[in-house]
Amino acid sequence: MSSVPDSNSTRTLSSDAASPLQAADSANSETHEDATQQTSWQRQLAEAIRSPHDLLAALNIPADAYGALTPKTGFPTLVPISFLKRMEPGNPHDPLLRQVLQTSQEDGVISGFTADPVDDANARIAPGLLQKYAGRALLIATGACAVHCRYCFRREYPYQQEPRTLDDWQPAIQEIADTPSLTEVILSGGDPLMLNDQRLATLCEQLDAIPHVQRLRLHTRLPIVLPARVTSRLLQLLTSLRSQPVVVVHANHGHEIADDCEVALRQLVRSGIPVLNQAVLLRNINDTVEDLELLCRRLSNVGVMPYYLHQLDRVHGAAHFEADRQTGISLIQQLAARLPGYAVPRFVKEIPGKPGKTPLT
Ligand SMILES: *Cc1c(COP(=O)(O)O)cnc(C)c1O
Ligand code: SF4
(Lines give C-alpha, C1' and ligand atoms only; values in the text may rest on other atoms or scores of the structure.)
(Ligands and ions follow the chains in the order given, each with its own letter.)
Protein backbone atom coordinates (compact mmCIF):
# COMPACT_ATOMS: atom_id res chain seq x y z
CA MET A 1 0.00 0.00 0.00
CA SER A 2 2.94 2.30 0.41
CA SER A 3 4.32 2.01 -3.11
CA VAL A 4 3.03 4.15 -5.95
CA PRO A 5 1.38 1.86 -8.49
CA ASP A 6 2.53 2.38 -12.05
CA SER A 7 0.18 3.62 -14.70
CA ASN A 8 -0.35 0.03 -15.84
CA SER A 9 -2.19 -1.01 -12.73
CA THR A 10 -4.68 1.80 -13.17
CA ARG A 11 -5.19 0.96 -16.85
CA THR A 12 -5.94 -2.68 -16.16
CA LEU A 13 -8.67 -1.63 -13.79
CA SER A 14 -10.16 0.58 -16.45
CA SER A 15 -10.46 -2.03 -19.15
CA ASP A 16 -14.24 -2.41 -18.89
CA ALA A 17 -15.52 0.02 -21.49
CA ALA A 18 -18.97 0.16 -19.93
CA SER A 19 -17.71 1.17 -16.54
CA PRO A 20 -17.33 4.63 -15.06
CA LEU A 21 -13.69 3.74 -14.53
CA GLN A 22 -13.14 4.21 -18.20
CA ALA A 23 -13.71 7.85 -17.52
CA ALA A 24 -11.47 7.59 -14.48
CA ASP A 25 -8.75 6.45 -16.82
CA SER A 26 -9.22 9.48 -19.01
CA ALA A 27 -9.11 11.80 -16.01
CA ASN A 28 -5.99 10.09 -14.71
CA SER A 29 -4.19 9.77 -17.99
CA GLU A 30 -3.20 13.40 -17.91
CA THR A 31 -1.51 12.85 -14.60
CA HIS A 32 0.41 9.93 -16.03
CA GLU A 33 2.07 12.28 -18.48
CA ASP A 34 4.09 13.42 -15.53
CA ALA A 35 3.99 10.67 -12.94
CA THR A 36 6.66 12.32 -10.82
CA GLN A 37 4.26 15.17 -10.18
CA GLN A 38 1.46 12.97 -8.92
CA THR A 39 0.03 14.74 -5.95
CA SER A 40 -0.82 13.11 -2.67
CA TRP A 41 -4.52 12.68 -3.48
CA GLN A 42 -3.72 11.07 -6.82
CA ARG A 43 -1.36 8.62 -5.12
CA GLN A 44 -4.01 7.83 -2.54
CA LEU A 45 -6.49 7.18 -5.31
CA ALA A 46 -4.12 4.77 -7.00
CA GLU A 47 -3.85 2.92 -3.69
CA ALA A 48 -7.61 2.64 -3.13
CA ILE A 49 -9.23 -0.73 -2.42
CA ARG A 50 -10.73 -2.33 -5.50
CA SER A 51 -12.33 -5.58 -4.41
CA PRO A 52 -14.93 -6.49 -1.78
CA HIS A 53 -12.64 -9.24 -0.48
CA ASP A 54 -9.78 -6.80 0.11
CA LEU A 55 -12.19 -4.43 1.80
CA LEU A 56 -13.41 -7.04 4.28
CA ALA A 57 -9.90 -8.37 4.84
CA ALA A 58 -8.67 -4.87 5.69
CA LEU A 59 -11.37 -4.67 8.36
CA ASN A 60 -10.85 -8.19 9.72
CA ILE A 61 -14.35 -9.23 8.79
CA PRO A 62 -14.82 -12.81 7.56
CA ALA A 63 -16.05 -12.83 3.96
CA ASP A 64 -18.89 -15.19 4.85
CA ALA A 65 -20.43 -12.53 7.08
CA TYR A 66 -21.97 -11.24 3.86
CA GLY A 67 -22.70 -14.29 1.71
CA ALA A 68 -21.71 -13.97 -1.93
CA LEU A 69 -19.42 -11.08 -2.77
CA THR A 70 -19.12 -11.54 -6.49
CA PRO A 71 -21.79 -9.43 -8.12
CA LYS A 72 -22.19 -9.29 -11.89
CA THR A 73 -22.42 -5.54 -12.05
CA GLY A 74 -20.07 -3.42 -14.16
CA PHE A 75 -19.75 -0.89 -11.32
CA PRO A 76 -16.67 -2.19 -9.48
CA THR A 77 -15.56 -1.67 -5.89
CA LEU A 78 -13.63 1.52 -5.15
CA VAL A 79 -12.82 2.70 -1.62
CA PRO A 80 -9.98 5.08 -0.66
CA ILE A 81 -7.95 4.16 2.43
CA SER A 82 -8.79 7.49 4.07
CA PHE A 83 -12.47 6.45 4.04
CA LEU A 84 -11.67 2.89 5.13
CA LYS A 85 -9.91 4.34 8.20
CA ARG A 86 -13.18 5.76 9.46
CA MET A 87 -14.84 2.32 9.50
CA GLU A 88 -14.89 0.15 12.60
CA PRO A 89 -12.71 -2.98 12.22
CA GLY A 90 -14.61 -6.22 12.80
CA ASN A 91 -18.06 -4.64 12.42
CA PRO A 92 -19.93 -6.09 9.41
CA HIS A 93 -22.74 -3.55 9.99
CA ASP A 94 -20.53 -0.48 9.92
CA PRO A 95 -22.56 2.32 8.29
CA LEU A 96 -19.66 3.45 6.09
CA LEU A 97 -18.80 -0.08 5.00
CA ARG A 98 -22.39 -0.78 3.96
CA GLN A 99 -22.39 2.21 1.60
CA VAL A 100 -19.50 0.83 -0.42
CA LEU A 101 -19.48 -2.95 0.01
CA GLN A 102 -20.44 -4.67 -3.22
CA THR A 103 -22.60 -7.71 -2.52
CA SER A 104 -24.73 -10.06 -4.60
CA GLN A 105 -27.82 -8.22 -3.31
CA GLU A 106 -27.14 -5.81 -6.17
CA ASP A 107 -27.79 -8.48 -8.77
CA GLY A 108 -31.50 -8.92 -8.20
CA VAL A 109 -33.83 -7.48 -10.81
CA ILE A 110 -36.58 -5.73 -8.88
CA SER A 111 -39.54 -4.11 -10.57
CA GLY A 112 -39.56 -0.32 -10.33
CA PHE A 113 -35.74 -0.13 -10.12
CA THR A 114 -34.30 1.06 -13.43
CA ALA A 115 -31.11 2.28 -15.15
CA ASP A 116 -32.16 5.96 -15.20
CA PRO A 117 -34.68 6.58 -12.42
CA VAL A 118 -34.42 10.39 -12.64
CA ASP A 119 -34.77 10.56 -16.43
CA ASP A 120 -31.41 12.22 -17.04
CA ALA A 121 -31.63 11.08 -20.67
CA ASN A 122 -34.45 13.55 -21.36
CA ALA A 123 -32.70 16.49 -19.71
CA ARG A 124 -29.60 16.50 -21.93
CA ILE A 125 -29.49 19.87 -23.72
CA ALA A 126 -25.93 19.43 -25.07
CA PRO A 127 -23.24 16.75 -24.70
CA GLY A 128 -22.51 16.50 -20.98
CA LEU A 129 -25.07 19.16 -20.04
CA LEU A 130 -28.34 18.45 -18.20
CA GLN A 131 -31.00 21.03 -17.47
CA LYS A 132 -34.09 20.23 -15.45
CA TYR A 133 -34.62 23.40 -13.43
CA ALA A 134 -34.85 27.12 -14.12
CA GLY A 135 -31.63 29.10 -14.00
CA ARG A 136 -29.23 26.23 -13.43
CA ALA A 137 -27.71 23.47 -15.51
CA LEU A 138 -25.57 20.53 -14.52
CA LEU A 139 -22.37 19.63 -16.30
CA ILE A 140 -21.18 16.02 -16.21
CA ALA A 141 -17.55 17.06 -15.67
CA THR A 142 -16.27 13.47 -15.60
CA GLY A 143 -17.62 9.97 -15.02
CA ALA A 144 -14.92 9.24 -12.48
CA CYS A 145 -15.41 9.15 -8.71
CA ALA A 146 -13.07 8.46 -5.79
CA VAL A 147 -15.52 6.01 -4.24
CA HIS A 148 -18.25 3.86 -5.70
CA CYS A 149 -21.39 4.28 -3.60
CA ARG A 150 -23.50 1.21 -4.18
CA TYR A 151 -26.77 3.20 -4.15
CA CYS A 152 -25.58 5.79 -6.70
CA PHE A 153 -28.42 6.83 -9.04
CA ARG A 154 -25.90 7.43 -11.83
CA ARG A 155 -24.29 4.00 -11.46
CA GLU A 156 -25.53 3.08 -14.93
CA TYR A 157 -25.13 6.51 -16.53
CA PRO A 158 -23.69 6.26 -20.08
CA TYR A 159 -20.57 8.30 -19.25
CA GLN A 160 -18.79 6.96 -22.33
CA GLN A 161 -21.09 9.17 -24.45
CA GLU A 162 -20.04 12.34 -22.65
CA PRO A 163 -17.19 14.79 -23.36
CA ARG A 164 -13.69 13.67 -22.42
CA THR A 165 -11.48 16.51 -23.57
CA LEU A 166 -11.68 20.27 -23.32
CA ASP A 167 -12.48 20.40 -27.04
CA ASP A 168 -15.44 18.09 -26.47
CA TRP A 169 -16.72 20.56 -23.86
CA GLN A 170 -17.13 23.42 -26.29
CA PRO A 171 -20.75 22.67 -27.36
CA ALA A 172 -21.88 22.59 -23.70
CA ILE A 173 -19.97 25.77 -22.88
CA GLN A 174 -21.40 27.43 -25.98
CA GLU A 175 -24.92 26.38 -24.97
CA ILE A 176 -24.42 27.98 -21.54
CA ALA A 177 -23.00 31.12 -23.13
CA ASP A 178 -26.00 31.31 -25.48
CA THR A 179 -28.53 30.97 -22.65
CA PRO A 180 -28.56 34.14 -20.49
CA SER A 181 -31.08 32.62 -18.07
CA LEU A 182 -28.44 30.13 -16.92
CA THR A 183 -26.94 31.99 -13.98
CA GLU A 184 -25.62 28.91 -12.17
CA VAL A 185 -23.56 26.00 -13.46
CA ILE A 186 -23.26 22.86 -11.37
CA LEU A 187 -20.17 20.77 -11.96
CA SER A 188 -21.15 17.20 -11.22
CA GLY A 189 -20.54 13.76 -12.65
CA GLY A 190 -19.11 11.50 -11.44
CA ASP A 191 -17.11 13.87 -9.30
CA PRO A 192 -15.72 17.13 -10.72
CA LEU A 193 -12.83 17.14 -8.23
CA MET A 194 -11.50 14.02 -9.96
CA LEU A 195 -10.28 16.38 -12.68
CA ASN A 196 -6.71 17.41 -12.08
CA ASP A 197 -6.07 21.02 -11.09
CA GLN A 198 -5.10 22.10 -14.57
CA ARG A 199 -8.17 20.68 -16.27
CA LEU A 200 -10.47 21.89 -13.51
CA ALA A 201 -9.00 25.38 -13.69
CA THR A 202 -9.47 25.54 -17.46
CA LEU A 203 -13.10 24.41 -17.21
CA CYS A 204 -13.87 26.83 -14.35
CA GLU A 205 -12.16 29.71 -16.13
CA GLN A 206 -14.10 29.11 -19.34
CA LEU A 207 -17.38 29.11 -17.42
CA ASP A 208 -16.29 32.10 -15.34
CA ALA A 209 -15.68 34.04 -18.54
CA ILE A 210 -19.41 33.85 -19.41
CA PRO A 211 -20.77 37.13 -17.97
CA HIS A 212 -24.22 35.83 -16.94
CA VAL A 213 -22.80 32.88 -14.95
CA GLN A 214 -22.98 34.15 -11.39
CA ARG A 215 -22.45 30.99 -9.39
CA LEU A 216 -20.31 27.93 -9.94
CA ARG A 217 -21.42 25.02 -7.81
CA LEU A 218 -19.46 21.82 -7.27
CA HIS A 219 -21.22 18.62 -6.29
CA THR A 220 -18.44 16.51 -4.83
CA ARG A 221 -17.82 13.67 -2.39
CA LEU A 222 -14.02 14.02 -2.47
CA PRO A 223 -13.71 16.28 0.61
CA ILE A 224 -15.48 13.44 2.48
CA VAL A 225 -13.86 10.31 1.05
CA LEU A 226 -10.48 11.68 -0.13
CA PRO A 227 -9.87 14.84 1.93
CA ALA A 228 -6.33 15.23 0.57
CA ARG A 229 -8.01 16.63 -2.58
CA VAL A 230 -8.67 19.85 -0.65
CA THR A 231 -5.32 21.53 -1.28
CA SER A 232 -4.33 25.17 -0.96
CA ARG A 233 -4.12 25.24 -4.74
CA LEU A 234 -7.73 24.10 -5.03
CA LEU A 235 -8.89 26.70 -2.51
CA GLN A 236 -6.99 29.34 -4.41
CA LEU A 237 -8.60 28.32 -7.70
CA LEU A 238 -12.12 28.40 -6.25
CA THR A 239 -11.71 31.68 -4.40
CA SER A 240 -10.10 33.53 -7.29
CA LEU A 241 -13.09 33.16 -9.62
CA ARG A 242 -15.31 36.11 -10.45
CA SER A 243 -18.42 33.97 -9.90
CA GLN A 244 -19.44 32.81 -6.45
CA PRO A 245 -18.29 29.26 -5.69
CA VAL A 246 -20.63 26.95 -3.75
CA VAL A 247 -19.56 23.46 -2.69
CA VAL A 248 -22.12 20.74 -1.99
CA VAL A 249 -20.53 17.69 -0.39
CA HIS A 250 -22.14 14.30 0.17
CA ALA A 251 -21.94 12.51 3.51
CA ASN A 252 -24.58 10.18 4.91
CA HIS A 253 -23.37 9.29 8.39
CA GLY A 254 -21.76 11.19 11.25
CA HIS A 255 -18.79 8.81 11.30
CA GLU A 256 -17.77 10.22 7.91
CA ILE A 257 -17.23 13.66 9.46
CA ALA A 258 -14.02 12.92 11.38
CA ASP A 259 -10.24 13.10 11.19
CA ASP A 260 -8.84 14.43 7.90
CA CYS A 261 -12.35 14.99 6.52
CA GLU A 262 -13.15 17.39 9.34
CA VAL A 263 -9.95 19.31 8.62
CA ALA A 264 -10.71 19.53 4.89
CA LEU A 265 -14.27 20.77 5.49
CA ARG A 266 -13.02 23.45 7.90
CA GLN A 267 -10.49 24.59 5.31
CA LEU A 268 -13.19 24.96 2.68
CA VAL A 269 -15.46 26.84 5.07
CA ARG A 270 -12.71 29.11 6.38
CA SER A 271 -11.68 30.06 2.89
CA GLY A 272 -15.12 31.69 2.66
CA ILE A 273 -16.85 29.18 0.39
CA PRO A 274 -20.44 28.25 1.34
CA VAL A 275 -20.46 24.49 1.96
CA LEU A 276 -23.66 22.44 2.07
CA ASN A 277 -24.25 18.71 2.45
CA GLN A 278 -26.60 16.36 0.73
CA ALA A 279 -27.29 12.92 2.12
CA VAL A 280 -29.35 9.98 0.95
CA LEU A 281 -31.70 8.20 3.35
CA LEU A 282 -30.31 4.65 3.46
CA ARG A 283 -31.89 1.69 5.23
CA ASN A 284 -29.74 0.26 8.05
CA ILE A 285 -27.18 3.03 7.50
CA ASN A 286 -28.68 6.34 8.60
CA ASP A 287 -32.38 5.65 9.12
CA THR A 288 -32.54 6.41 12.85
CA VAL A 289 -32.90 9.82 14.44
CA GLU A 290 -29.65 9.27 16.38
CA ASP A 291 -27.68 8.65 13.16
CA LEU A 292 -29.08 11.70 11.40
CA GLU A 293 -28.69 13.88 14.48
CA LEU A 294 -25.01 12.94 14.74
CA LEU A 295 -24.50 13.68 11.04
CA CYS A 296 -26.19 17.08 11.22
CA ARG A 297 -24.41 18.06 14.44
CA ARG A 298 -20.98 17.16 13.14
CA LEU A 299 -21.63 18.98 9.86
CA SER A 300 -22.84 22.15 11.56
CA ASN A 301 -19.95 21.99 14.03
CA VAL A 302 -17.56 22.52 11.12
CA GLY A 303 -19.79 25.08 9.42
CA VAL A 304 -21.32 22.80 6.78
CA MET A 305 -25.07 23.29 6.41
CA PRO A 306 -27.27 20.21 5.97
CA TYR A 307 -29.08 20.90 2.68
CA TYR A 308 -31.00 17.88 1.41
CA LEU A 309 -31.84 14.43 2.66
CA HIS A 310 -32.79 12.56 -0.51
CA GLN A 311 -35.29 9.77 -0.75
CA LEU A 312 -33.43 7.02 -2.64
CA ASP A 313 -33.65 7.14 -6.42
CA ARG A 314 -34.79 3.71 -7.56
CA VAL A 315 -31.77 2.63 -9.56
CA HIS A 316 -31.00 -1.01 -10.47
CA GLY A 317 -29.20 -2.79 -7.66
CA ALA A 318 -30.14 -0.38 -4.86
CA ALA A 319 -33.46 -1.82 -3.64
CA HIS A 320 -31.95 -3.08 -0.39
CA PHE A 321 -31.03 0.51 0.55
CA GLU A 322 -34.55 1.89 0.32
CA ALA A 323 -36.23 3.19 3.47
CA ASP A 324 -39.87 4.11 3.16
CA ARG A 325 -40.93 7.66 2.66
CA GLN A 326 -42.96 7.79 5.89
CA THR A 327 -39.83 6.86 7.86
CA GLY A 328 -38.01 9.80 6.30
CA ILE A 329 -40.81 12.24 7.06
CA SER A 330 -40.97 11.11 10.66
CA LEU A 331 -37.17 11.29 11.07
CA ILE A 332 -37.12 14.90 9.88
CA GLN A 333 -39.88 15.80 12.34
CA GLN A 334 -37.89 14.24 15.17
CA LEU A 335 -34.71 16.03 14.04
CA ALA A 336 -36.53 19.35 14.07
CA ALA A 337 -37.30 18.77 17.76
CA ARG A 338 -33.60 18.21 18.53
CA LEU A 339 -31.66 20.65 16.36
CA PRO A 340 -31.61 24.32 15.39
CA GLY A 341 -33.64 24.98 12.26
CA TYR A 342 -30.57 25.56 10.08
CA ALA A 343 -29.21 22.12 10.92
CA VAL A 344 -32.27 20.21 9.67
CA PRO A 345 -32.06 19.16 6.00
CA ARG A 346 -35.04 19.20 3.65
CA PHE A 347 -36.32 15.72 2.83
CA VAL A 348 -36.80 15.62 -0.93
CA LYS A 349 -37.32 13.32 -3.85
CA GLU A 350 -36.43 13.88 -7.46
CA ILE A 351 -39.58 13.31 -9.48
CA PRO A 352 -38.94 13.55 -13.24
CA GLY A 353 -40.76 16.47 -14.86
CA LYS A 354 -41.05 18.59 -11.69
CA PRO A 355 -39.56 22.12 -11.59
CA GLY A 356 -37.26 21.29 -8.65
CA LYS A 357 -36.66 18.59 -6.06
CA THR A 358 -40.02 17.72 -4.49
CA PRO A 359 -40.29 18.23 -0.71
CA LEU A 360 -41.76 15.20 1.07
CA THR A 361 -43.97 16.21 3.97
C1 LIG B 1 -30.68 18.16 -8.40
C2 LIG B 1 -30.35 18.89 -9.65
C3 LIG B 1 -30.01 20.25 -9.61
C4 LIG B 1 -29.88 21.02 -8.33
O5 LIG B 1 -31.08 21.29 -7.73
P6 LIG B 1 -31.04 22.28 -6.48
O7 LIG B 1 -32.41 22.16 -5.90
O8 LIG B 1 -30.72 23.63 -7.01
O9 LIG B 1 -29.97 21.81 -5.56
C10 LIG B 1 -29.79 20.90 -10.80
N11 LIG B 1 -29.86 20.25 -11.98
C12 LIG B 1 -30.17 18.96 -12.06
C13 LIG B 1 -30.24 18.32 -13.39
C14 LIG B 1 -30.41 18.22 -10.89
O15 LIG B 1 -30.68 16.92 -10.97
S1 SF4 C 1 -19.55 9.87 -5.33
FE2 SF4 C 1 -21.58 10.52 -6.06
S3 SF4 C 1 -21.56 10.12 -8.28
FE4 SF4 C 1 -19.84 8.98 -7.36
S5 SF4 C 1 -20.63 6.93 -6.93
FE6 SF4 C 1 -20.92 8.14 -5.06
S7 SF4 C 1 -22.99 8.98 -5.24
FE8 SF4 C 1 -22.37 8.30 -7.30
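Guide: Here a helix is a DSSP run of H or I with at least four residues and a strand a run of E with at least two, both numbered from the N terminus. The model is predicted, so local features need pLDDT of at least 70 and side-chain atom pairs 80 or more, while totals for chains, interfaces and linings use all residues. Residues count from 1 along each chain as written, chains are lettered from A and ligands numbered from 1 in written order, and side-chain values use heavy atoms, without hydrogens or water.

Visitor: Where is Gln-105, and what is its relative accessible area?
Guide: Gln-105 sits in the loop between helix H6 (95-100) and strand E1 (124-126). Gln-105 is partly exposed, at 46%.

Visitor: How far apart are the C-alpha atoms of Gln-105 and His-320?
Guide: Along the chain, Gln-105 and His-320 are 215 residues apart.

Visitor: What is the distance between the end C-alpha atoms of H13?
Guide: Helix H13 (residues 325-336) has 12 residues.

Visitor: Which exposed residues are on the face of H13 turned away from its buried side?
Guide: Gly-328, Ile-329, Leu-331, Ile-332 and Leu-335 are buried in H13. They share one side of H13 because their arc (directions from the helix axis to the C-beta atoms) is only 160 degrees. The face turned away carries Gln-326 and Gln-333.

Notes: Expected span 1.5 Å × (residues − 1). Buried < 20%, exposed > 50% of the residue type's maximum accessible area, 1.4 Å probe, protein only.
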